[in-house]
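Please look at the sequence and the structure below before reading on. The report then moves from the whole chain to single residues.

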Amino acid sequence: MAPVNPVRVTERAQKLATDILRPGDIAVDGTAGKGRDTACLAQAVGSSGHVHAFDIQAEAVASTRNLLEVAGLLDRVSVHLRSHAELAEVLTPAQQGKVGVALFNLGYLPGGNPDIITRPDSTQAALEAAFDALRPGGRLICVAYTGHPGGSEESDVVLKFAEAHAAAGRHVEKIGYYPTPGKPWILVVDKPTA
Ligand SMILES: C[S@@+](CC[C@H](N)C(=O)[O-])C[C@H]1O[C@@H](n2cnc3c(N)ncnc32)[C@H](O)[C@@H]1O
């Protein structure tokens, strides 16, 4: 399997999301960071859709809100200063099972504190909650990194999640999984349409 170019990995993940999203959809950005993925999702769901974005750092929430405001997209996004593991508590009952795409870009905030990273336990809880929240035909996308301390352990959790879904007969892709140590890879899990 060809390695994923780290420069293009986020673009590839965004394309995997926009291939699925339709105007009016609900989307989740599990790791808002600087807000670039959130803005992409917000554009794809249109003015009738909604995005829930999560980050545990106030700096990331502020960056994301700023980017969305400048782009004219803030009105269709809720930016939450809380862990993605609390996803199920944030979605309204009407939004549960209606999410078109849940996107995670793990690791640390670019240019931020490299010690504040996504962690295996909360990542696992968030991936499970996100998959549960998908609508039929919805897609979970997770960009995982192995080059920073703790990254390999977290990737192992993502891989186990992938294997469990593959064993349950779901469509699972592992794009660039460990062809080159230290490089990112992308997990895609699609929820069956029926
Ligand atoms: C690689 S960055 C995300 C980049 C972002 N998607 C963008 O477009 O700029 C990872 C982010 O995950 C956040 N994070 C770490 N643990 C988290 C958690 N439990 N819940 C939500 N976000 C978390 C970090 O604060 C960091 O901002």
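## The chain as a whole

Among contacts in the protein chain between residues at least 6 apart in sequence, 73% join residues at least 24 apart, where two residues are in contact if their C-beta atoms, placed from the backbone, lie within 7 Å. This is a predicted model, in which local features need pLDDT of at least 70 and side-chain atom pairs count only at pLDDT 80 or more, while totals for chains, interfaces and linings use all residues. Residues are numbered from 1 along each chain as its sequence is written.

The protein chain holds 6 helices and 7 strands, and along the sequence these follow the pattern α-β-α-β-α-β-α-β-α-β-α-β-β. Both kinds of element are DSSP runs numbered from the N terminus, helices being H or I with at least four residues and strands being E with at least two.

## Overall dimensions

Taken along the principal axes, the box filled by the C-alpha atoms of the protein chain is roughly 40 × 40 × 30 Å. A compact globule with 194 residues would have a radius of gyration near 16 Å, and the protein chain has 15 Å, which agrees; this radius is taken over C-alpha atoms, and the globule rule is 2.2 Å times the number of residues to the power 0.38.

## Burial and the nonpolar core

Of the 194 residues of the protein chain, 43% count as buried. A residue is buried if 20 or more other C-beta atoms lie within 10 Å of its own, exposed if 12 or fewer, and partly exposed in between, with C-beta atoms placed from the backbone.

The largest nonpolar core has 53 residues, of which A17, L41 and C142 touch the most other members; such a core is a set of buried Ala, Val, Leu, Ile, Met, Phe, Trp, Tyr and Cys residues joined through C-beta atoms within 7 Å. Leaving aside neighbours within four places in sequence, L41 is in contact with A17, L21, A27, D29, V51, V101 and L103.

Not counting residues up to four places away in sequence, A13 touches L103, N105, I141, V143 and I186. Although A13 and V143 are 130 residues apart along the chain, their C-alpha atoms are separated by 7.2 Å.

K15 also lies in helix α1, but K15 counts as exposed because it has 12 C-beta neighbours inside 10 Å. V70, found in helix α3 (residues 58-71), counts as exposed with 11 such neighbours inside 10 Å. V70 and K183 are 113 residues apart in sequence, and their C-alpha atoms are 32 Å apart in space.

## Helix α5

Helix α5 (residues 120-133) has 14 residues and should span 20 Å at 1.5 Å a residue, and its end C-alpha atoms are 20 Å apart, which agrees; the expected span is 1.5 Å times one less than the number of residues. T123, A126, L127, A129, A130 and A133 are buried in α5, and what covers the buried residues of this helix includes β1 (26-29), α4 (87-90), β4 (99-105), β5 (134-144) and α6 (151-167).

## Around the ligand

Of the 22 residues around the ligand, T31, G33, K34, R36 and L109 come nearest, a residue being near a molecule if its C-beta atom, placed from the backbone, lies within 6 Å of it. The elements giving two or more residues to this shell are α2 (36-45) and β2 (50-55).
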